[in-house]
Amino acid sequence: MHQPHTDLERMIAAAARFLPPQGPIDAFVAQNPLQGFEHLPFEEAVVRAARLYSAQPFLPESVYREELAKSRIRAIDLEAVLADDLGDRDRAPLAGGQTTLGRLHLQLLLHGVRLESDAAVRWTLTESRSIEVLRDDLEPQARSRLLASVGRDSDDASAGSCAPTAIEGRVASELWHACVEMTALSRSAVVSVQPPLRHRDLLLASVSTLDTDALVHPLLIRMVAAFLDQGVAAWPMPDRDQGLLAAVAGVYSGRLGPVQPWSRPLSGRLRHIREAFDRGNDGKTIALDVIASELRQLGVPESAWQDFIAESLVALKGWAGMVRQLEERPDRAPVEAVPARVVDFLALRLLLDRTATEWAAGQLGHVLAIDDKLTDDATLAAMWTELRDRYPPRRGPGSLARAFLLHQVSQLLGLAADDIRTLNDNEILALEHAVAAFDSIAQRRLFHLAYERRFRVEMLDALASQWSAAPATAAGRPRAQAVFCIDDRCESIRRALEELASDVETFGTAGFFAVPMYFRGINDWHAVPLCPIVMRPGHTVTELPEDRAAADHRFRQSVRRSLGRLRGGMSEGSRSLLRGGLLTSVGGALAAVPLVAQVVFPRLTSRVASSAADFARRRIPTRLDLKRDNDARLPDGTRQGFDLDEMAAIVRRLLEDIGLTAGFSRLVAIIGHGSTSLNNPHESAYDCGACGGGRGGPNARAFATMANDPAVRARLATAGLTIPDDVVFVGGMQDTCTSGIAWFDTDRIPVHHHADFESFRRLCAEAGGLDAQERCRRFDSVPFDVPVAEAVRCVEVRSADLAQVRPEYGHASNAACIVGRRRLTRGLFLDRRSFLVSYDPDHDPDGGILERTLAAVGPVCGGINLAYLFSRVDPLGYGAGTKLPHNITALIGVMDGHASDLRTGLPFQGVDIHEPLRLLMVVEAAPERIRDVLERLPAVKNMVTKRWIQLVAWHPDTGGLAMQETDAGEIAFVPYKPESQSIPVVPSSATWYRGHRGNVPPARVDAGYPTAPRDRATSS
Amino acid sequence: MTITVFPTDPVSVLVVWQLVAPVAALAGIGLPALLGRPLSERATTRLVGTAFTTGFIAALVTLAAIASQDFAAHVVHLGRLFAVGHHAATIELVADGLSVPYVCFSTGLCALVNAFAGKYLHREPGFTRFFILLALFGTGMNLMVLAGSIDVLFAGWEFLGISSALLIGFFHERRNAVDAALRAFTTYRICDVGLFAASVVIHQATGSGDFERLFTGTWPHATCLVPVSTALFISVLLVFAALGKSAQVPFSSWLPRAMEGPTPSSAIFYGALSIHAGAYVLLRCESVLDAAPAAGWLLIAIGAGTALHAAIVGSVQTDLKSMLAYASMTQAGLILAEIGLGWRVVPLVHVISHAILRSLQILRSPSAMHDRHELAAALGGHPGPSEWSLLRLLPRGVARGLYHVALERGFDESFVSALFVRPLLATLTSADALERRWVAFLGGSSADTRSRRSSNGSIQ
């Protein structure tokens, strides 16, 4: 019984990699849901993953066709991606040399064909005349070639002039008869399909009403939710501290009550497990024992265990993934860590699966007449083998369906009846085979590539034209410098600032501002990590009331606590029996006031509430407990605050990263971001990805405090980085939902900087208004010509409205990431689609800065991009589906309705306007430099060479762009030739985007330039 | 069916408007949708909102009008469905101290949910469908509440049932949603038998469906006009009818599963209005209950049992909507018990108060994370489990057992399938087998051909 399970453990660990990487929803971090497939090239991975998750690899074909009709995808894009894809085979002859493979593919992509069953074709033949007319979307030369074919026979030279429809009908019918003749004799192959592994899928294929998952899942979901619950239930699960398997074995091994017919043997089986726990055996070993024994009893051969385990876990991937996340990162549990283990989950799952399968086998007995075999121990093994043998093969299309397809293809290629008849059997088969091989997935793949190509061309052309237009250096000392997060949503406010004031400079850097920390705000009950998800902070920072306000703070805290107790007691009580009766009958009607207020007057209500909250807390002046003078560790292993060396290193690192080591303005603003919305379980998905789904304000504030510290500056000066004494840093936080900026520690700004700050604050408020106006163009309910004040009101209402499911659109337009000097992109309208990372190649002699920049930016931006991409490509398979039935469960996630898998990914309301494109990452550095740097970053290199990220090098000396086109895993850059030399020039952003709801291509905005550009010749 | 002269006195017009407004909205958005040209989102919500708001105002004015006359019942006679000799089925509305306050609150709540859903369902494929169902629901609700005869009440009751079931199954592409809708619908249908039978008995006993012939006087001090035995019979049937819609034991299993539709519909139907429909019918016929004290005891037993069941089961639910569903069930049980105790105004106030509070809670349920963190911040830590400290005094084995029962929702599903589904299936299967044998016997054919014949449906 106690053989080591190292192999099994390894298999489980490997299988668990396929589970979604999403943790508890209160710190939503956008990550690639296909992490388990990152070792494969993107295009292969999506297809394999789609099979495992029963999801879609690309958008539906109809969506791409709409984009084609709108010229979002153009014929030249399709031609280009086809030429790349086919290579030498592009000119491979088909149909006896009358056409080529490339031409066939292009015609299929441009016009598409209908695949119909035999029955549908028969119906078409008898009920409609569509066989007797030519397609109306034929290209002119194909059409004239077809029509000319009749002329050849009947000497009717001017075929088109007298009776076009009659001739057309003749051509089409003759072609149809030729197609029928040519396909009638050969048979299409029967394709045998690899049968599924899980018993459930095999059973379901035999008897469509017998779904064992429908039996197992409600029960399993109840068990896991009760185990993971972070405080929804008033009565927590007994024995949770021993793990899922022990707790379930404890609760469900009783003899109480009737159970479902299928689950009768369960309590006995769980009792055995319970006894093992009672004997004091190790929990993990028990779970592994159970897994091994269940797999054997299910009759799965050991060679298939790995895949079987993966499929079993993925069948309830949201819950299984949450168990895995809480096992790996217990510190991310919202309230209390529970001893979650994937092995427990798997053991329970397989136990339930076997129990249900045995019952189903009994039910199946008289359906399949295999009950005589179901007597001995090998019952399930026999059934498994039998069902796999019987798994139905997939038949190819019938001859009518093939003729119908050939009829359409011939028309597209301009092949008339006689042309078809000249082909021999092999040529016909080869043509049919070529059409069949270019199936829906192959077509959608190419559409996707073309979709990406069009955006890439627009973007790179804009950048290329920008090179010559960008001013060499900015003139004079800037009025202010503002450092934002790299977030794509910050692009618009940065552009607005620059448009309003040509002497303001902006920078972008990962929004935790190089300050990784656990942070506990003055009103928080515990510290939360504020840094990228891959880091574990070693420092804790606490917000404290200023000494003079300490007493006041204590008083307010106590008032708040009493109010909280009252409110908690009310909401708790309203659900209980006796107190609930009293509360609801006596006080319930009072709820009419908040109900009406919140639904009908959301903004007013939030104003009142927030001024009340202001009164209750905000007016307490606070400071960050940032400085550490001892080396003691806190109970969680972190240190309280930072020492001087650490602070100096942080400040230095950030300033070097963004290339701001000289030319400081008097005021440097550090602005993090977060998002406020109501009634939104996914609220933290709109917060800062670089802060692990938290808000970056405290990091900005901490950084500003550090950079203002004279001791830190002295230390920096000795190391060669001089920050002049008249430079003041100030921290702030932008609310990306309301577009407003809140400032920190303004009372500490020196008197002689008050005027600078005041004017900059006003400027930021104005820019926030423009930002709100620009965002409003995406909202259907807001008219295009909304004035700034009204736009600000609109976004504020959205943030405060209970009924609003689209408070903001998050990263829903992200598509590109530009790492380089802002000088080169300044004045370019990028439509909030680009992450903008400041990096100065001139100050990075050895590539060290580029290395650490890419190490942070690659995973964060790539993760966000892929999370949005997959949530949009398949909103049900990878996304969280529509928000409307979402139901918060256990305070860790949402379900659809009362008992579904945990919904991971982004809700449809957050991605419905998103264009799923892989991140186009443009790095301003020489190709060789990028290659060297990536050699030191294997994870990022893997994403690049496997094409999960499209990488472009932008040479800092020549301005030449080079696209990374990988072969065989090594980085290889190919120079990019711009398609067009001109870019629209507009006076302001608003004039360019106004009147459009969808994405808008890049344009050059005059107002954004610090000085007149040198070169206007290229403007259109 | 005959329609009498349309009433012209102001109160009658107001009462009729409360009914006509949702019907007009239903037609206004339903007909264009049928013609394939659905109204824009804005027009849809405006139309439905106008209907419910004007209905609400009309109800408020009516309330003032009848309050000035000491809540004497104001009957509006609309027409007659049919008449045979002494027997007649009439269409009557009644405005009194029960129906008018009830319309005020139900129409007001519908108006609020309309305002909420207009934004919540923006760009949802089923947008128009949702508002059609909302208008249908409003029509049914007002028809049931204003009914002056058991026939009209039954019609309203059925509209309510069908619109509820369709909204549970709003996302009909998901299996769970459709299963839950079917379960609710089946439960409703089973219990509808009670209301239907009650209406037959009332017709039999009084020669009409009119409440005027069943009881007389001003609500809640009416007197029953039928003999005690008949009153008991009617009461028991009405209680049975109420069990389904009010999710009482043993018909409670549909309620937690009903939280499959969009959040606003869950709020209004299963938190606020649908779940109290049973209580309303019992309050309407309170004098009949008064005449049959045994029915009151039955009601107390069921209500208290449900409340206890739901309170225990609710305490282990780990998702917000199930927790709120059981909280609603607890209160619905208490309300029925209050009615059983012979109280009248208390349960009415309880219904209205509870419905408003619960609607707010369900509408706000997606804020749970936010609210919990606010609360934890105020308290300086997450509130631990305190409520069930008494339970933890139980011996460990007993506590585990009780927890098991609670997590399995009192084995409701097993009960329903053991008591209803499997016997029904067995009966149908044996009936099918019997028919086949009978057919084979009549046809005198061999066993091989009989299955083919029966599947063709032709006997001769």
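In chain B, 75% of the contacts with a separation of 6 or more are between residues 24 or more positions apart; a contact here just means that the C-beta atoms of two residues, placed from the backbone, lie within 7 Å. All of this comes from a predicted model, in which local features need pLDDT of at least 70, side-chain atom pairs count only at pLDDT 80 or more, and totals for chains, interfaces and linings use all residues. As for labels, residues are numbered from 1 along each chain as its sequence is written, while chains are lettered from A and ligands numbered from 1 in the order in which they are written.

Buried residues make up 55% of the 460 in chain B. A residue is called buried if 20 or more other C-beta atoms lie within 10 Å of its own, exposed if 12 or fewer, and partly exposed in between, with C-beta atoms placed from the backbone. Chain B has 19 helices and 5 strands, where helices (H or I, at least four residues) and strands (E, at least two) are DSSP runs numbered from the N terminus. Its domain assignment gives domain 1 (2-365) and domain 2 (412-456), with bounds that come from an automatic or database assignment. The C-alpha centres of domain 1 and domain 2 of chain B lie 38 Å apart.

Where the chains meet, chain A and chain B each give 77 residues to the contact. On the side of chain A that touches chain B, H24(A) supplies the largest share, 8 residues. That side of chain A divides into 38 nonpolar, 25 polar and 14 charged residues. For this count, Ala, Val, Leu, Ile, Met, Phe, Trp, Tyr, Cys and Pro are nonpolar, Asp, Glu, Lys and Arg are charged, and the others, Gly among them, are polar.

Next up is a well-covered strand of chain A. All 8 of the 8 residues of strand S13 (residues 728-735) of chain A are buried, so the strand is largely enclosed by the rest of the structure. In a regular strand, side chains alternate between the two faces of the sheet. In S13(A), A:Val728, A:Val730, A:Gly732 and A:Gln734 are buried on one side, and A:Phe729, A:Gly731, A:Met733 and A:Asp735 on the other. Strand S12 (residues 667-674) of chain A pairs with S13(A) in the parallel sense over 8 bridges; strands count as paired if DSSP finds at least two bridges between them. Strand S14 (residues 741-743) of chain A pairs with S13(A) in the antiparallel sense over 3 bridges. A:Gly732 has a bridge partner in A:Ile671 and another in A:Trp743 of S14(A). The hairpin of S13(A) and S14(A) has 5 residues between the strands, and A:Ser739 takes a positive phi near 65° there.

Chain A also holds an open sheet of 6 strands with mixed pairing, in the order S17-S15-S20-S21-S22-S23. Strand S17 (834-838) and strand S23 (973-975) of chain A stand at the edges with a single partner strand each, so one side of each is left without a neighbour in the sheet.
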